[in-house]
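Open the model in your viewer and keep the selection panel at hand. The stops below are given in the order in which to select them.

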Amino acid sequence: MWNYNFAIPGFMVVAVLFLYFIKTPRLNIRLNRSFLELLALEVLTVAVDYTATRADEHYEAFAPSWLFFLNAAYFALYLARAFWYFRISWDVLHLKKENTPNVLLYWGVFALSELIVISSFFTGAVFRIGETGYQRGPLYAVIYLCWIYYLVVSVALLRIYSDRLNRYELVGGMAYNAILLVGNVVRYLMPKYLIMNTFCLLAILVIYLTFAVPERHLANRRIAFNMRAFREALDDTVGEKPYRVLAFALQDYIDTREIYGGTQMDHGVDMVARFLTQAFPECQVFYLRSGYFALLGAETMPWEKMRDMINERFQSPWSASDAELYLAAAFVTVSSRGKLDTPDKVTNNLVSGLARAAQAVDGLIDLDGELELDRQTEVKRSLEFALEQGRVDVFLQPLVDSKTYRITGAEVLARIRDAEGNIIPPSLFIPIAEKNGKINLMGERVFELTCRFIHDNDMEALGLSWLNVNLSPIQCMRSDLSSRFLDILNEYGVSPQSIRLEITEQAVVDIPLLERQIETLRDNGFRFSLDDYGSGYSNLNRVKHYPFVNIKLDMEVVWDYFRDRDHLLPNIVHAFKEMGYTVTAEGIESGEMAEVMASIGCDYLQGFYFSKPLSTDAFIRKYAKGSVP
Ligand code: C2E
Ligand code: MG
Ligand code: MG
């Protein structure tokens, strides 16, 4: 009474397609992964459909639990198919999670339908196994509703995002959804024919020919992927996961092609592509066009070593059929660390980079570095502007007594802004200022703003015993540093006792001039903190050499302690206290961190838990009444 005429040939065709798709070089993108899953699902569904139907025919020979299991498996797979075809539409349109208003709309209907199928064991909702074997249940229509839902959503998405497809693709997309709809209708009208599988096979063929045929992504001779594949692979990668591209151009490609002739040169290109696929199996290899190759891989790929390997191979000739080709390569690299944030920007910059690469030093252009350079120039300009216009600003971050949680001091942190008025973090502009010497002017400006703040405000009312000012080692190279600072102090009538100078641990090296400067400043009444302790390698002996009164533990050291608590940090704090220093813990971001750092002996705490750095106005507003942070 069942008709299998359609099921068996269909099964064979899908199985062949499945094996073929596994075997051919396939671009590693979401769509291809979903399509492969769909093929596997299809093979499985047809097999289970056939088995379950056979078992239903001979129900007397099977235990009811077996019959239930086989039929449930079939319905589960039948619904999974609806969902997977929908996922194909989703991937074809390059939709991302952000495109769903609600994840439940994405897979919720599928999950609910599956639940109803499985629950049939108790409820008999979709089907049950009775006296005469398999029988439909009252909620049988659920399986059609689930299908209709995903087909309707698919078609709606194809319409909404139709501009992402060309005409041919749009027609293909609509066609397979229409075929699946007809399939469901025919199945409904002719339930005894296992005919849905045939419609699914048709839909798969349409998807295959429109979107998944490997030739679409392969360059001439199926060795490397082509430019379209490169764009689609980037579409799947940029902004989604870390990546790196190492690309190179064959130098003088056009002239070389003239000399060797087109056929020889094509042969040479194939050999290069084959070499790349064999040497770097973890990367996807692309031949973009006229002598341009690209390797796409993980951001951590050892691209410098790979470039050396490629260069080394280019030392020897490429032996084409009856000629030896001597070629050379010029490289470009770009990664997710750079600023290029869309697939188009990556492709365009890469291609223009490849055109310039031959003229570059070392025959290499690092696009990340190049863009980094742009940013540096911008920062440099902002820094100069801020200094000229007196636009350097300072923010204050409280230092808190670890026993009372009352504010006792504050660290002064420099701030400048870029052309759009956004704050540039010191980690960007301080290194630049140190390199071009502007740090002297900038440090002096910060020092002056600090003195002005002390002069203009009632320090006691704010709860402040002193302010910490960062001092760059470069500033200490000026022999007139201390006299300049003293002049500024005098101008504002401020005592050096109200200022503590922070010097980072990395700066504390054996430079006699630095040592002398610090001593002079100390003799003039300044006190010193050792900043970022634990970020460098200074030994305690050297620390002892300098007149510090306070040690600031670097935030990384503090955070490490909370990741993995050992005895090292408490012992270090203990040692410092024995030596007569007070200790400050930086980077305190939670109440627990504050408590623990207090309990191991830190005297002062600094961090976002108490307050972020604040503009002087905001600081005054917040602490005007010496309030507890
Ligand atoms: P620093 O002296 O170690 O300053 C502390 C830095 O840690 C500040 O960053 C502060 O915002 C940040 N910070 C404080 N608490 C927390 C926390 O709980 N969590 C996290 N994640 N961060 C916290 P900022 O202002 O970006 O300053 C960075 C560095 O730039 C400073 O490190 C200092 O070395 C340098 N710097 C800032 N202003 C000046 C200056 O006027 N002169 C010199 N020479 N260097 C300066
Ligand atoms: Mg500091
Ligand atoms: Mg610090």
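Start with Asn226, which is found in the loop between helix 7 (196-212) and helix 8 (227-237). Helices (H or I, at least four residues) and strands (E, at least two) are DSSP runs, numbered from the N terminus. This is a predicted model, in which local features need pLDDT of at least 70 and side-chain atom pairs count only at pLDDT 80 or more, while totals for chains, interfaces and linings use all residues. Residues are numbered from 1 along each chain as its sequence is written, chains are lettered from A and ligands numbered from 1 in the order in which they are written, and side-chain values use heavy atoms, with hydrogens and water left out.

Asn226 counts as buried because its relative accessibility is 16%; buried means under 20% relative accessible area, exposed over 50% and partly exposed in between (1.4 Å probe, protein chains only). Show its contacts (heavy atoms within 4.5 Å). Leaving out residues up to four places away in sequence, Asn226 touches Glu215, Arg216, His217, Leu218, Ala219, Phe286 and Tyr287.

Next, select helix 19, residues 512-523. Which of its residues are buried? They are Leu514, Glu515, Gln517, Ile518 and Leu521. Looking down the axis of helix 19, these residues fall within an arc of 165° (taken from the directions from the helix axis to the C-beta atoms), so they line one face of the helix. They pack against helix 17 (473-476), helix 18 (481-492), strand 14 (499-504), strand 15 (527-533) and helix 20 (540-545). Pro512, Arg516 and Asp523, on the other side of helix 19, are exposed. Just after the helix, Gly525 has a positive phi of about 105°.

Now select the magnesium ion (ligand 3). Asp531 (OD), Asp532 (OD), Glu586 (OE) and Glu586 (OE) coordinate this ion at 2.1 to 2.6 Å. Donors are N, O and S atoms within 2.8 Å of the metal (3.2 Å for Na, K and Ca); water is not among the atoms, so sites may look incomplete. Along the chain, the donors follow the spacing D-D-x53-E. Asp531 also bridges to the magnesium ion (ligand 2), 3.9 Å from ligand 3. With 5% relative accessibility, Asp531 counts as buried.

Finish at ligand 1. Among the 22 residues around it (a heavy atom within 4 Å), Glu411, Arg415, Asp531, Glu589 and Phe608 come nearest. An N or O atom in the side chain of Arg415 is 2.9 Å from an oxygen atom of ligand 1. For Asn470, a polar side-chain atom lies 3.0 Å from an oxygen atom of ligand 1.

Notes: Expected span 1.5 Å × (residues − 1). Polar contact = N/O pair within 3.5 Å; in protein donor to acceptor, adjacent residues only side chain to side chain.
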